[in-house]
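This briefing reviews selected local features of one structure. Please consult the sequence and the coordinates alongside the text.

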Amino acid sequence: MNDGVPFVIERPTGTPAVVYDSPHSGREYPPDFASIASPLELRWAEDAYVDELLRPAVAEGAALLHARYPRAWLDLNRAPDDLDATMLDGPWPEPLSPSEKTQRGLGLIRRFVAPGVAIYGGPLPVAEVQRRIRGAYHPYHAALDALVGEVRQARGAVWHVNWHSMKSVGNAMTPDGAGATRADFVVSDRHGASAGPELTALVVDTLRGDGFTVSVNVPYAGGHIVRRLGAPSAGVHSVQVEINRRLYLDERAVTHTLGFEPLRAALARLTKRLAAAAPATAGNG
């Protein structure tokens, strides 16, 4: 992050039709990131190459925001107070509200890459965690808010998709438990709280029409970003999409498989359909 900007925005000419963000695909590891996990183990926490999968979507009308730094360093899809105080070398200056994610080692500052694979060998300085939040967390969320606000103002409403990838099989740290198999995609709208039914149905129906299996709100119902942004009554519709890594990734080696290009083409087709149906004037959505 030599230029000091912790994210990248790729956008079409003019006002985007839809807004995409990928908070967990960053793979620029800060040189001072003192982890006891190996470089490859750290990469197991990434939503690896989701930004690359989505890049052709920009030509179809999507603005794409994606993080540069890794999830193992700071998790942008958590609330800023979703923090485990026992991981710090001193008291946090404000009240904390650790969620069940933090209890499983998956909070704002992640404890584990995978079950039994710790990231840190000891407590982190409070000042270091504050630096990460100030320098990376807040700028990312401000950039996302600006994109959503721009599109909502221009089009009357905005469709936002928060993109992730998921392990092909659940483990002891996931909500569905060890050994659980997953659909090709999980589409989540917090059971209708973060998006109107039109957006959710269009994503689900398009993916199923392309031959993929899709689960809705199970085992993931939507995380912090869609919870924070989604306000259907105010014209902000936000869904989370989890891509099963078996579709495109060698999960152990963190490398592309032959499924990468077909999946990328399918996501571009989905974007084209979303862009064509997205709200276009005030009062829509």
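This is a predicted model: local features need pLDDT of at least 70, side-chain atom pairs count only at pLDDT 80 or more; totals for chains, interfaces and linings use all residues.

Is tyrosine 69 buried or exposed in this model? Tyrosine 69 is buried, its relative accessible area being 0%.

**Aromatic pairs**

- Across the whole structure, a search identifies 6 aromatic pairs.
- One of them joins tyrosine 69 and tryptophan 73: the ring centres are 5.4 Å apart and the planes meet at 55°, so this pair is classed as tilted.
- Tyrosine 248 and phenylalanine 260 make up a tilted aromatic pair, with 6.2 Å from centre to centre and 55° between the planes.
- Because tyrosine 248 sits in the loop between β9 (236-244) and β10 (249-250) while phenylalanine 260 belongs to helix α7 (residues 260-277), the pair ties together parts that are 12 residues apart in sequence.
- Tyrosine 248 is buried, with a relative accessible area of 0%; phenylalanine 260 is buried as well, with a value of 3%.
- Tyr29, Phe33 and Tyr120 are linked by ring pairs into a cluster.

**Largest pocket**

- The largest pocket holds about 610 Å³ of space.
- Its lining is made up of 37 residues, and those nearest the centre are Arg71, Arg78, Lys101, Arg104 and Tyr220.
- Two or more lining residues come from each of α3 (100-103), β4 (112-114), β6 (158-166), α6 (224-229) and β9.
- Strand β6 provides the largest share of this lining, with 3 residues.
- By class, the lining of the largest pocket comprises 15 charged, 12 polar and 10 nonpolar residues.

**Second largest pocket**

- The second largest pocket has a volume of about 220 Å³.
- It is lined by 14 residues, with Trp44, Ala114, Lys167, Arg245 and Glu251 nearest its centre.
- In the lining of the second largest pocket, 7 residues are nonpolar, 6 are charged and 1 is polar.

**Helix α5**

- Helix α5 (residues 197-209) has 13 residues, which at 1.5 Å a residue should span 18 Å; the C-alpha atoms at its ends are 17 Å apart, in agreement with that expectation.
- The buried residues of α5 include Leu199, Thr200, Leu202, Val203, Val204, Thr206 and Leu207.
- Among the elements covering these buried residues are β6, β7 (185-188), β8 (214-216), β9 and α7.
- Glycine 211, which follows α5, has a positive phi near 95°.

**Backbone geometry**

- Most residues other than glycine have a negative phi, and most peptide bonds are trans.
- The peptide bond joining valine 218 and proline 219 is cis, with omega about 5°.
- Proline 219 is placed in the loop between β8 and α6.
- Tyrosine 49 is not a glycine, yet its phi is positive, at about 65°.
- This tyrosine 49 is located in the loop between α1 (39-43) and α2 (50-54), and with 12% relative accessibility it counts as buried.
- Valine 254 also is not a glycine and has a positive phi, of about 55°.
- The loop between β10 and β11 (255-256) contains valine 254, which counts as buried at 2% relative accessibility.

- Where does aspartate 47 lie? Aspartate 47 is in the loop between α1 and α2.
- Its relative accessible area is 0%, which means that aspartate 47 is buried under the cut-off of 20%.
- Leaving aside residues up to four places away in sequence, aspartate 47 touches His24, Ser25, Arg71, Trp163, His164, Ser165, Arg245 and Tyr248.
- Among these contacts, Arg71 is one of the residues nearest the centre of the largest pocket, and Arg245 is one of those nearest the centre of the second largest pocket.
- Tyr248, also touched by aspartate 47, is a member of the tilted pair with phenylalanine 260.
- Computed along the sequence in residue numbers is not the whole picture: aspartate 47 and phenylalanine 112 are 65 residues apart in sequence, with 15 Å between their C-alpha atoms.

How values were computed. Residues are numbered from 1 along each chain as its sequence is written. Side-chain values use heavy atoms; hydrogens and water are left out. Rings of Phe, Tyr and Trp (its six-membered ring) pair if their centres lie within 6.5 Å; planes under 30 degrees apart count as stacked, over 60 as edge-to-face and the rest as tilted. Buried means under 20% relative accessible area, exposed over 50%, partly exposed in between (1.4 Å probe, protein chains only). Helices (H or I, at least four residues) and strands (E, at least two) are DSSP runs, numbered from the N terminus. On a 1 Å grid over the protein atoms alone, a cavity is a set of points where a 1.4 Å probe fits but cannot get out, and a pocket is an open set with protein on both sides within 12 Å along at least five of seven lines; lining residues have an atom within 4 Å of a point. Grid points are joined across faces, edges and corners, and a volume is the space filled by probe spheres set on the points. Ala, Val, Leu, Ile, Met, Phe, Trp, Tyr, Cys and Pro count as nonpolar, Asp, Glu, Lys and Arg as charged, and the others, Gly among them, as polar. The expected span of a helix is 1.5 Å times one less than its number of residues. Contact means heavy atoms within 4.5 Å.
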